[in-house]
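Some labels given to parts of a structure rest on a value and a cut-off. How does each label follow from its value?

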2 protein chains.
Amino acid sequence: MHEFFKVKKVSEVLSEIKQFESLPKERVFLLEALGRFLAEDLSSPEDLPPFSRATMDGYAVSAKDTFGARETEPVILKVIGEILMGEKPRFSLRPGEAARIATGGMLPEGADAVVMVEYTEENLGLVEIKKPVAPYENIIQQGEDFKKGQIVFARGTQITPAVIGVMAGLGITNIPVRKKPRVAILSTGDELIPPEKPIEPGKIRDINSYSLFAAIKEAGGEPKIYGIVPDVAEELFERLKVAFEENDVVLISGGSSVGTRDYTLKAISQLPGAQLICHGVAVKPGKPTILGKVQEKAIFGLPGQVASALLIFYLMVRPLLLHLQGANEKHLFLKKILAYAERNIPSAPGREDYIRVKLTPFEKGFTATPIFKKSGLISSMAEADGFLRIPESSEGIYEGELAEVFLLP
Amino acid sequence: MHEFFKVKKVSEVLSEIKQFESLPKERVFLLEALGRFLAEDLSSPEDLPPFSRATMDGYAVSAKDTFGARETEPVILKVIGEILMGEKPRFSLRPGEAARIATGGMLPEGADAVVMVEYTEENLGLVEIKKPVAPYENIIQQGEDFKKGQIVFARGTQITPAVIGVMAGLGITNIPVRKKPRVAILSTGDELIPPEKPIEPGKIRDINSYSLFAAIKEAGGEPKIYGIVPDVAEELFERLKVAFEENDVVLISGGSSVGTRDYTLKAISQLPGAQLICHGVAVKPGKPTILGKVQEKAIFGLPGQVASALLIFYLMVRPLLLHLQGANEKHLFLKKILAYAERNIPSAPGREDYIRVKLTPFEKGFTATPIFKKSGLISSMAEADGFLRIPESSEGIYEGELAEVFLLP
């Protein structure tokens with residue numbers, strides 16, 4: 001830890017974050033995989049669907065047998081049987097033949113389409129076809145969803161309900177993912193008491209440990225609260241050492257006064273092999289953020305102001321947690337939309353500004369209304385739908401201008 | 001169950017859904033409450049913060065004592081002490097006095113602002129103030145976040161990390177929410193086999209049970225898979241009866257062929273007190289949806305096509321599950337944005353169309369590119385970012401027009 005004061009841009013911190021190694025792989029059962037990220041490319045062990053199947057109730061036919069069919073001049077085909085659901089047909093179609101089939105039924109050899117029952121009339125073993133079908137009409141072809149051997153999902157794909165559906169369909173039930181990051185939360189400050197204790201004069205309840213706990217869970221991590229550390233350098237170091245050994249990431253929150261900030265920096269630097277990635281970020285709010293790297297583990301010193309701590313969480317910690325889980329680049333950041341600024345929002349160039357905003361839909365999109373409250377107030381975060389970003393090169397956003405808004409998850 | 005064929009609009013089904021009773025209340029610990037919904041209005045048992053506190057390191061002062069201060073002509077105040085972090089000051093300020101204070105410290109009586117340490121110089125018990133402060137500058141006032149007795153959050157509010165932070169700050173750790181809905185999943189179809197079994201000719205793996213399981217979890221429900229029911233009316237009824245007794249909501253998926261659809265309808269109607277809310281919805285895909293109400297419990301017959309089943313889940317089942325959890329109206333539906341159609345998308349009037357789309361950001365917002373694939377293909381859902389809605393009165397969307405897109409969660 002050489003450089004004492006190392007202010008970085010948000011983008012610089014983010015590129016440093018991507019240099020942390022992802023966590024080891026593990027395999028989980030399909031139904032446990034929701035929200036996690038594939039640790040390997042997944043290829044299809046078989047065709048999906050495994051055979052060509054009907055998507056309508058009707059008659060399996062060879063499409064070319066139906067060409068020219070009309071209401072007034074139907075084509076007549078011989079019905080050679082019925083296809084039972086869940087069974088392989090015991091016959092194949094020859095020209096001029098058809099077979100009854102229900103939705104989901106397997107097409108017999110010789111058939112390449114299904115005529116909907118509404119356009120047919122069956123009598124004495126013959127069926128009148130009153131409307132032609134094109135080849136492959138009203139069927140799903142074998143392998144139309146996925147072909148055997150094809151890459152189905154790339155490494156880093158997030159496992160959504162539809163992805164789980166695909167894996168179920170392909171018979172893949174043992175899913176390679178990466179371990180969930182264990183994340184320690186320490187809060188520093190002699191003024192803090194836990195929320196369940198009665199309030200005392202001069203004390204304030206620990207907000208950050210609890211809101212960070214929830215935010216870590218939402219980001220797929222496994223949070224653990226290590227409690228409130230008094231403003232004593234040795235105690236912070238001892239507690240940090242334990243938290244560091246038991247976890248993949250450590251968040252030290254609080255320490256907003258200059259003295260405590262120094263303790264945090266010192267405690268991190270005392271861990272063997274500590275490297276300081278940044279001390280200060282060119283962002284408002286959240287400037288006094290610290291990030292250290294110790295033996296492939298990340299330690300953040302987060303600002304004490306509650307709204308600042310959560311912003312930095314979403315801006316830097318959450319991307320790291322997702323990266324450690326092997327998430328694809330596009331999943332690392334909060335979902336972003338564009339919204340029209342409801343009023344002028346000034347900003348100082350040289351740093352990025354993130355303004356808490358409420359979003360109101362109108363006929364052209366969203367209006368973003370800034371919530372101008374101090375970053376020590378948690379209510380401003382509870383009211384916000386997202387953060388409006390003002391780039392570091394900008395002196396602000398004009399009323400009616402489009403701006404990027406990151407949506408709170 | 002009188003009306004046999006009862007096609008409803010999506011909006012009609014949604015207003016029926018809101019008539020189901022929310023589930024009973026329960027209390028959970030703060031850290032277990034993430035993602036759930038407040039079952040009661042929450043009022044503030046105390047002021048937050050409980051006292052006026054500094055947001056900067058510096059000197060607590062009476063702002064009017066600093067008026068006129070300049071670099072070249074500082075105001076000089078007497079330093080009467082230091083405020084210790086986490087303690088009530090043992091003195092109050094009189095005119096002409098100041099006290100050292102760190103970020104988070106409690107303001108003494110007589111102080112209403114803090115001068116940042118950067119604009120001061122202390123010597124021999126006196127401090128030079130080189131810049132004036134306005135009243136309340138660099139402090140957060142007692143109750144500025146929330147005042148005692150104030151309604152902090154209304155019933156139905158979703159519990160986010162910031163909401164958890166507020167509750168921690170106010171000492172509220174025992175949170176009133178509503179029970180999670182237990183949701184049964186039955187799949188019907190002689191062609192289905194579970195994903196872990198080897199594939200057989202004519203069979204296809206059960207996709208819907210697994211993707212619905214995951215979607216129910218995302219929506220805060222407690223899913224349980226009741227397995228694959230053969231296409232035999234009595235077996236479906238027996239299995240449905242058990243699932244109905246053990247759960248708050250039942251989803252019967254599959255039954256896309258006319259015969260099986262009839263079984264589903266018949267099985268639902270055999271339950272005592274069954275009312276048919278809809279049989280058929282004016283929506284594409286998803287038309288063959290059934291919704292029955294049996295003793296305050298909902299039973300859905302979902303379409304068998306995988307993409308249709310998931311669409312109807314997001315359009316109707318998810319809102320019901322959130323409503324049962326006591327969610328505020330605005331949380332019931334998927335997040336909605338506007339996006340520019342990448343091409344003409346035709347639609348038949350008289351029904352709502354939901355087109356799976358991929359979203360691509362550009363400088364004015366998002367382009368929505370339709371994924372034109374059959375609704376029996378699960379790949380189309382796995383690729384989609386959301387559903388573009390074409391209202392029932394419309395004949396389609398033109399290229400470049402703005403359209404509503406519901407984002408997949």
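The questions below concern a predicted model, and each answer sets a value beside the definition that it has to meet.

Q: Why are α4(B) and α7(B) called roughly parallel?
A: The axes of helix α4 (residues 208–218) of chain B and helix α7 (residues 306–324) of chain B cross at roughly 30° and come within 10 Å. Angles under 35 degrees count as roughly parallel, and α4(B) is therefore roughly parallel to α7(B). The crossing of this pair, α4(B) and α7(B), is right-handed.

Q: Which residues of α4(B) and α7(B) meet?
A: From α4(B) come B:N208, B:S211, B:L212, B:A215, B:I216 and B:E218, which meet B:V306, B:A309, B:L310, B:F313, B:Y314, B:R318 and B:L321 in α7(B). Sorted by class, the contact of α4(B) with α7(B) has nine nonpolar, two polar and two charged residues.

Q: What makes α2(A) and α4(B) roughly antiparallel?
A: Their axes lie 7 Å apart, and α2(A) and α4(B) pack at an angle of about 155°. Since angles over 145 degrees count as roughly antiparallel, α2(A) and α4(B) are therefore roughly antiparallel to each other. Here A:P161, A:I164, A:G165 and A:A168 of α2(A) make the contact with B:Y210, B:S211, B:A214 and B:A215 of α4(B). By class, the contact of α2(A) with α4(B) has six nonpolar, two polar and no charged residues.

Q: Why is α4(B) described as mostly covered?
A: Nine of the 11 residues of α4(B) are buried, namely B:N208, B:S209, B:Y210, B:S211, B:L212, B:F213, B:A214, B:A215 and B:I216. The elements against which the buried residues of α4(B) pack are α2 (161–169) of chain A and, in chain B, β13 (182–188), β16 (222–229), β17 (249–254), β21 (297–302) and α7.

Q: How do you know that B:S187 is buried?
A: Buried means under 20% relative accessible area, and B:S187, with a relative accessible area of 0%, is therefore buried. This residue, B:S187, is found in strand β13 of chain B, and among the residues that B:S187 touches, when those up to four places away in sequence are not counted, are B:N208 and B:S209.

Q: Is A:N138 buried or exposed, and what decides the matter?
A: With a relative accessible area of 16%, A:N138 falls under the 20% cut-off, and A:N138 is therefore buried. A:N138 lies in the loop between β9 and β10 of chain A, where its phi is near 60°, a positive value in a residue other than glycine.

Q: What makes A:E87 partly exposed?
A: The relative accessibility of A:E87 is 34%, and A:E87 therefore counts as partly exposed. Leaving aside neighbours within four places in sequence, A:E87 is in contact with A:M106, B:P201 and B:G202.

Q: Why is the pair of A:E87 and A:R90 called a polar contact?
A: The side chains of A:E87 and A:R90 are joined at 3.4 Å, and because a polar contact requires N or O atoms within 3.5 Å, the distance between A:E87 and A:R90 meets that cut-off.

Methods
Residues are numbered from 1 along each chain as its sequence is written. Chains are lettered from A and ligands numbered from 1 in the order in which they are written. This is a predicted model: local features need pLDDT of at least 70, side-chain atom pairs count only at pLDDT 80 or more; totals for chains, interfaces and linings use all residues. Side-chain values use heavy atoms; hydrogens and water are left out. Axes are lines fitted to C-alpha atoms, for helices over the stretch in contact, and angles run from 0 to 180 degrees between N-to-C directions. Helices (H or I, at least four residues) and strands (E, at least two) are DSSP runs, numbered from the N terminus. Angles under 35 degrees count as roughly parallel, over 145 as roughly antiparallel, 65 to 115 as roughly perpendicular and the rest as oblique. A crossing is left-handed if the near helix is turned anticlockwise from the far one by less than a right angle, and right-handed if clockwise. Contact means heavy atoms within 4.5 Å. Ala, Val, Leu, Ile, Met, Phe, Trp, Tyr, Cys and Pro count as nonpolar, Asp, Glu, Lys and Arg as charged, and the others, Gly among them, as polar. Buried means under 20% relative accessible area, exposed over 50%, partly exposed in between (1.4 Å probe, protein chains only). A polar contact is a pair of N or O atoms within 3.5 Å; within protein, one must be able to donate a hydrogen and the other to accept it, and residues adjacent in sequence count only if both atoms are side-chain atoms.
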